[in-house]
Amino acid sequence: MEAQLDLDSSAAATSTPESLDLSALVIPLLKGVLYQEAGPAQWNALLSLQARVRDYVAVLDLELVLDEAEGYAFLRSRPEAAAEEGDAARLPRLVARRPLSFPVSLLLALLRKKLAEFDAGGGDTRLVLARDEVVELLRVFLHEGSNEARLIDQIDFYLGKVVELGFVRRLKVQSGQTATFEVRRILKSFVDAQWLAEFDQRLAAYRSLLAGESGEAGTGTQSPKSTKSTKSKAASDE
């Protein structure tokens, strides 16, 4: 009997920590992104148990996306599950989709292009931009009008949304210093290289749209209904 108790205790000692480690990985992944820099011990545990994590989340219709080189991991719906979204028997989504406005999508794409240019130049691995640099990235694509303060407020709003989504991190600065932001490398997983290759064409199309709207404002030759349909088409194309 004593021998049996010893065996039971030994089994508990070896299995319980592993179970706890698995829970300590899956629960944070269900809440958001895991970064290597935020918790090296947790990251190393994920690397060791990633096969078990993949098997576990597959039951929930999810897959683990892990980029060891860039140091981040997150969960997303399995592609085959997304393709079957019209099936009535499909499980509810655990990872919600968030529709993005066109300016927020545009800002993400501009930041992704900036990140690609930064990587091509080599050097530091962290892309840090001042608030004024982000404003200049987006300014050319927004109607400036005569109210500079209103334009800046709009860009601050879009930038705040990108921060909420986790693609940009607001850095701490001393009082009176310009706000600075780090572009998180996880953005590369959401704006891929193929989309980025077509980005210049998309920007050219949007610039043409803006030029057309500016001309329309000056001549008044196009009806508001036509303008609305043009904007809707541009948004759907993006």
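I take contact to mean heavy atoms within 4.5 Å. Axes are lines fitted to C-alpha atoms, for helices over the stretch in contact, and angles run from 0 to 180 degrees between N-to-C directions. Helices (H or I, at least four residues) and strands (E, at least two) are DSSP runs, numbered from the N terminus.

**Entry 1: the model.** I noted that this is a predicted model, in which local features need pLDDT of at least 70 and side-chain atom pairs count only at pLDDT 80 or more, while totals for chains, interfaces and linings use all residues. Residues are numbered from 1 along each chain as its sequence is written, and side-chain values use heavy atoms, with hydrogens and water left out.

**Entry 2: the whole protein.** I found 10 helices and six strands. Buried residues (under 20% relative accessible area, 1.4 Å probe, protein chains only) make up 32% of the 238 residues. I also looked up contacts between residues at least 6 apart in sequence, and 54% of them join residues at least 24 apart.

**Entry 3: the three-stranded sheet.** I traced an open sheet with the order β4-β6-β5 and antiparallel pairing. β4 and β5 are its edge strands, each pairing on one side only. Direction ignored, neighbouring strands here are turned by 30 degrees against each other on average. Two strands pair if DSSP finds at least two bridges between them. β4 (residues 127-130) and β6 have four bridges, and Leu-129 has Phe-181 of β6 as its bridge partner. β5 and β6 have three bridges, and Arg-169 stands opposite Glu-182 in β6.

I then checked which way the side chains of β6 point. Thr-180 and Glu-182 point one way, Phe-181 and Val-183 the other way, and all are buried.

**Entry 4: helix α5.** I saw that α5 lies across β4 and β6, running at about 85 degrees to β4. Its buried residues are Val-134, Val-135, Leu-137, Leu-138 and Arg-139, and they pack against α4, β4 and α6.

**Entry 5: helix α6.** I looked up α6 (residues 148-165), which has 18 residues. From its first C-alpha to its last it reaches 26 Å, close to the 26 Å expected at 1.5 Å a residue; the expected span is 1.5 Å times one less than the number of residues. Gly-166 follows the helix, and its phi is positive, near 90 degrees.

Which residues of α6 are buried? They are Leu-151, Ile-152, Ile-155, Tyr-158, Leu-159, Gly-160 and Val-162. I found that their cover includes α4 (102-120), α5 (131-139), β5 (168-170) and β6 (180-183).

**Entry 6: α5 against α6.** I noted that the two axes come within 10 Å and cross at roughly 100 degrees. The helices are therefore roughly perpendicular to each other, a term used for 65 to 115 degrees. On the α5 side, the contact is made by Arg-131, Val-134, Val-135, Leu-138 and Arg-139. On the α6 side I listed Glu-148, Leu-151, Ile-152, Ile-155, Asp-156, Tyr-158 and Leu-159. These contact residues divide into eight nonpolar, no polar and four charged. Ala, Val, Leu, Ile, Met, Phe, Trp, Tyr, Cys and Pro count as nonpolar, Asp, Glu, Lys and Arg as charged, and the others, Gly among them, as polar.

Definitions and conventions: Buried < 20%, exposed > 50% of the residue type's maximum accessible area, 1.4 Å probe, protein only. Parallel < 35°, antiparallel > 145°, perpendicular 65-115°, else oblique.
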